[in-house]
Amino acid sequence: MNSLLFLHDADVLPGPVGALRPLAHDLHVDVPRHPGFGTDLDEAATAWDSVGDLAQHYLTTTDDTPRHLAGAGFGGWIALEMAVRAPHRFTTLTLVSPYGVKLSGPTEPDFADILLLDPTEIVELGWADPTTCHDLRMPGYPAGLPDSDYERAFADRAALARYAWKPFLHDPRLRRWLHLITIPTLVIAGSHNRLVPPRHSAALADLLPAARYVELPHTGHYPYLERPDEFHRLVRSFLKGETR
Amino acid sequence: MRLYHFTEMPYPFVPPEAEHAHRGLKYFMPNRYYDPVLGHQLYQRYLDEYELADELGFDLMVNEHHQSASTLQVSATLSAASVVHRTRRGRVLVLGTPLPHRESPIRVAEEIAYLDAVSGGRIDCGFVRGVQGETFPSNQNPVHNMDMFIEAHDLITQAWTRDDVFSWEGTHYHYRYVSVWPRPYQRPHPPIWISGTSTRLVEWTARHGYTLCNLLGTYDDTATSFRLYRRTATAAGHPEPGPDRFAYMALCHVAPTEQQARDIGRKLMYYLKPGRLRLGAASPPGYFPPASAVAALQGRLGAVRRMSYEDLIDAGILLVGTPDQVTAQIRRLYEHTGAGHLILMNHAGDMTSNEVRDHLTLFAREVMPAVTPLGTDWRDQDTTWRVDRDHTPVRAVLSSALS
């Protein structure tokens, strides 16, 4: 099954969180931190102002050896931008409730306003059981952390805003190229996700030529954190099946 | 000292339960609570008060906010056009146009030049970054706010001062042909005012020699900002800045007795209600540096909004009292900070027009003559803020009147 490049979402702690740990038993899992979110490249990346910049960055800094591509939320948007630019570079594509494509009309927001809502509201909308929330870091959340952690969280929010403020969490030019993504694709949504509604992920899957849509019950926007066992089984079997 | 009349033109008829449900009056307030007939009456009333203030000898200030029941001024240049048309004498201070929230700096350059031309040079031109929450109505990226502010300023001042067609292919703004008609009436352009407290903005204002305005800060914070300006200006080789480079805004109500002034002046507290905005609106991503954002998170910004009515009066942020009491406070403001312009927010909330008019008339008769001479002979005075006397170390100021 070789290796997996997993692109992280906004507000999620760095590294192999949740289901990414068991996945790493079977394949090499790389979870790079996006430039702007606390990396050596933050300073150089201050001029980058689109998710296309991040896609270009990852495409030019990974070698040509076959690998699986995955992304969650904001990372899912980056993965889509990479897949339309280099459709044959990756063996499979796994998307977890990705942002990036606007599907409804101008007066209907597709996504919750994650750059306005309070952390408690994001947890409420993003988890099937908000009381079990873990591995998220936002300004003031969780309570009681040192100032330096919150400064990091604010800086992460600023980076996200730089990439995704307007048009909000989507690129109007992305949808017209989705037909190029012919590699096997798995789109995963949590039944209780109110940051990116499951119907959005389902409709997006319909626009991808080789996509299967799976809705996981009893989970929200972060199924790899909230239902790590189910997520691990689902993704492992998908990656295994597609590389036979 | 120059004295400016100002009202934000609030719409004071939103039911308290609606204000509560929408976390205040600003940015996210459904416009079903606006009544067009009441709104028309309010506009006429507010413009009538500007007219009276002009006749009484005040200069005049206008501003703008967006999607807000606390301000019906939607464009500072539009308001200035109305005020210019209603008045004959006073200067009209446009404070200010929120440059990063405007799509087109060229249009700002044209509108200010038009106002200056029509009024025969009565315009003072304020540029502001735009308060944090207005990032949401404008939808301009808060991360770029400061850079857009500076680039828009650079483009506007070039559009006013170049005398030939030029092109501007910048970072945020792109024009292939720029040649603004009319040119401003004042040469090279109307005086520029900036409001703000951040170190970067104060230093930038000082290096350009523009007038720096502190809105509703404590006198200590105001003096600290002005100190940074004076040090920066003189270090850049400018002559010592006089009081005409410094402005302060206070809320104001005078009445014949202290009790009357305090009874009516309490209505000014409408403007200083503590904000109930979400943190994301009070401190949008990238608008502040991360350390300042953490200060906002922990409630260390906006301290003025948590002060009591009595403490605000004692601090002189609310100039409320008899003419003698308010005159004394304004003298203290001048001696402490060296401000040569005082913007008086003479109205807030549901204060009646008669209350405003009585105050304006009394102020003009008894306070204005006493404080107007302040600062005219500053070079002969030995006040604490003169650069050769003031050796207090410069330090950063947190935004004390956060919106």
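This is a predicted model: local features need pLDDT of at least 70, side-chain atom pairs count only at pLDDT 80 or more; totals for chains, interfaces and linings use all residues.
β1(B) has another parallel partner in β2(B), residues 59–62, with 2 bridges between them. Here B:H5 is the residue to look at, and it stands opposite B:L60.

How many of the residues of β1(B) are buried? The count is 5 of 5, so the strand is mostly covered, taking buried to mean 20 or more other C-beta atoms within 10 Å of a residue's own. In a regular strand, side chains alternate between the two faces of the sheet. For β1(B), one side carries B:R2, B:Y4 and B:F6, the other B:L3 and B:H5, and both faces are covered.

Staying in chain B, there is a hairpin made by β5(B) and β6(B), with 4 residues between the strands. β5(B) covers residues 166–169 and β6(B) covers 174–178; they run antiparallel and are joined by 3 bridges. B:W168 stands opposite B:Y175 in this pair.

Now the interface. On the chain B side 16 residues are in contact with 18 residues of chain A. Two helices of chain B, α10 at 279–282 and α11 at 290–297, each supply at least two residues of that side. Which element gives the largest share? That is α11(B), with 5 residues. By class, the chain B side has 11 nonpolar, 4 polar and 1 charged residues.

Over to chain A and its sheet. This is an open sheet of 6 strands with parallel pairing, in the order β2-β1-β3-β4-β5-β6. Why do β2(A) and β6(A) each have one side without a neighbour in the sheet? They stand at the edges, β2 at 28–30 and β6 at 211–216, and each has a single partner strand, so one side of each is left open in that sense. From one strand to the next, the twist averages 20°.

Within this sheet, β4(A), residues 90–96, pairs with β5(A), residues 185–190, in the parallel sense over 4 bridges. A:T94 stands opposite A:L186 there.

Helices pack on the sheet as well. α3(A) touches β1(A), β3(A) and β4(A), and its direction makes about 140° with that of β3(A). α8(A), residues 228–242, lies across β3, β4, β5 and β6 of chain A and runs at about 155° to β4(A).

α3(A), residues 74–85, also packs against α2(A), residues 51–61, at an angle of about 65°, with the axes 9 Å apart. The crossing is right-handed. From α2(A), the contact is made by A:V51, A:G52, A:L54, A:A55, A:Y58 and A:L59; from α3(A), by A:W77, A:I78, A:E81, A:M82 and A:R85. By class this contact has 8 nonpolar, 1 polar and 2 charged residues.

Last item, helix α5(A), residues 147–164. At 1.5 Å a residue, its 18 residues should span 26 Å, and the end C-alpha atoms are 25 Å apart, which agrees. Is α5(A) largely enclosed or left open by the rest of the structure? Of its 18 residues, 13 are buried, so α5(A) is largely enclosed.

Notes:
Residues are numbered from 1 along each chain as its sequence is written. Chains are lettered from A and ligands numbered from 1 in the order in which they are written. Two strands pair if DSSP finds at least two bridges between them. Two residues are in contact if their C-beta atoms, placed from the backbone, lie within 7 Å. Ala, Val, Leu, Ile, Met, Phe, Trp, Tyr, Cys and Pro count as nonpolar, Asp, Glu, Lys and Arg as charged, and the others, Gly among them, as polar. Axes are lines fitted to C-alpha atoms, for helices over the stretch in contact, and angles run from 0 to 180 degrees between N-to-C directions. A crossing is left-handed if the near helix is turned anticlockwise from the far one by less than a right angle, and right-handed if clockwise. The expected span of a helix is 1.5 Å times one less than its number of residues. A residue is buried if 20 or more other C-beta atoms lie within 10 Å of its own, exposed if 12 or fewer, and partly exposed in between; C-beta atoms are placed from the backbone.
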